Amino acid sequence: MSEKKMTSSRRGHLKSLMLAIAKDLLEKEAADLITEKAAFIAENCPAPVMSGGVPELQEMLKKLAQTIDKVDEERYDAEAKVKKTDKEIEDLRMKVVEIQGIKKPALKKVRMSADAMLAALLGTKHKASMDFRANLKEVKKEVKEEEEVGDWRKNVDEQAGMDGRKKKFETA
């Protein structure tokens, strides 16, 4: 049996219904939170008695100041205790790391071409080619004309004397 696909208008209608239900639930949750807060305040904070004179009000303010001081001390003590335990936890974590030691993973041998290495190092933005053979210059070998090696005695005889030295300067 083939299932029919939902049309876009039906999907939009269901989405709007879900959003409306979620909105109602959020509003109800906010209202419940407000009523819980009011009930807590009524239970823990009785309404102040304003009947009486100035001395009674001053006495009540002194009691409130004392309770505020006591609560602040308790909060400070709790924060100090939390900081101390956090430091102990961090020290224990460091000891665990020291005991275990740092394990180096086994490296795998990877075969890469020079182009792949360049791409990994430089990233995809830079495109460089490592085709070394293309970058090489062609070197043409020069054929050296070797002088004919003849009898060395003739050469010495020609250069001996003034005529030989004169020829040397004229050719050069």
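**Entry 1. Starting question**

In which helix do Asp 72 and Arg 75 both lie, and how many residues apart are they? I found both in helix H2, 3 residues apart, which is about one turn of the helix. Before going further I noted that this is a predicted model, in which local features need pLDDT of at least 70, side-chain atom pairs count only at pLDDT 80 or more, and totals for chains, interfaces and linings use all residues. I also noted that residues are numbered from 1 along each chain as its sequence is written, and that side-chain values use heavy atoms, with hydrogens and water left out.

**Entry 2. Overall make-up**

I looked up the secondary structure and recorded 6 helices and 0 strands. Helices (H or I, at least four residues) and strands (E, at least two) are DSSP runs, numbered from the N terminus. Read from the N terminus, the elements are α-α-α-α-α-α. I then checked burial: 1% of the 172 residues of the chain count as buried. Here buried means under 20% relative accessible area, exposed over 50%, and partly exposed in between, with a 1.4 Å probe and protein chains only. The accessible surface of the chain is about 18,500 Å², and 59% of it belongs to carbon and sulfur atoms. Such areas come from the Shrake-Rupley method with a 1.4 Å probe; for residues, only the protein chains shown count as cover.

I compared helix lengths with the expected span, which is 1.5 Å times one less than the number of residues. Helix H1 (residues 8-44) has 37 residues and should span 54 Å; its end C-alpha atoms are 54 Å apart, so the two values agree. H1 is hardly covered, with a count of 0 buried residues. H2 has 47 residues and reaches 69 Å from first C-alpha to last, close to the 69 Å expected. Just after H2, I noted a positive phi of about 80° at Gly 101.

I searched the whole structure for salt bridges and recorded 2. The criterion is a side-chain nitrogen of Lys or Arg within 4 Å of a carboxyl oxygen of Asp or Glu. Asp 72 and Arg 75 meet in one at 3.8 Å, N to O. Arg 75 and Glu 79 meet in a salt bridge at 3.2 Å, N to O. Arg 75 and Glu 79 are separated by about one helical turn because they are 4 residues apart in helix H2. An α-helix has 3.6 residues a turn, so residues three or four places apart point the same way. Glu 79, with a relative accessible area of 36%, is partly exposed.

**Entry 3. Surface patches**

Patches are made of residues with over 30% relative accessible area and no salt bridge; like charges are joined within 9 Å, and nonpolar side chains (Val, Leu, Ile, Met, Phe, Trp, Tyr) within 5 Å. I found a nonpolar patch of about 290 Å², made by Val 110, Met 112 and Met 117. Met 112 lies in the loop between helix H2 (54-100) and helix H3 (114-122). Met 112 counts as partly exposed because its relative accessibility is 41%.
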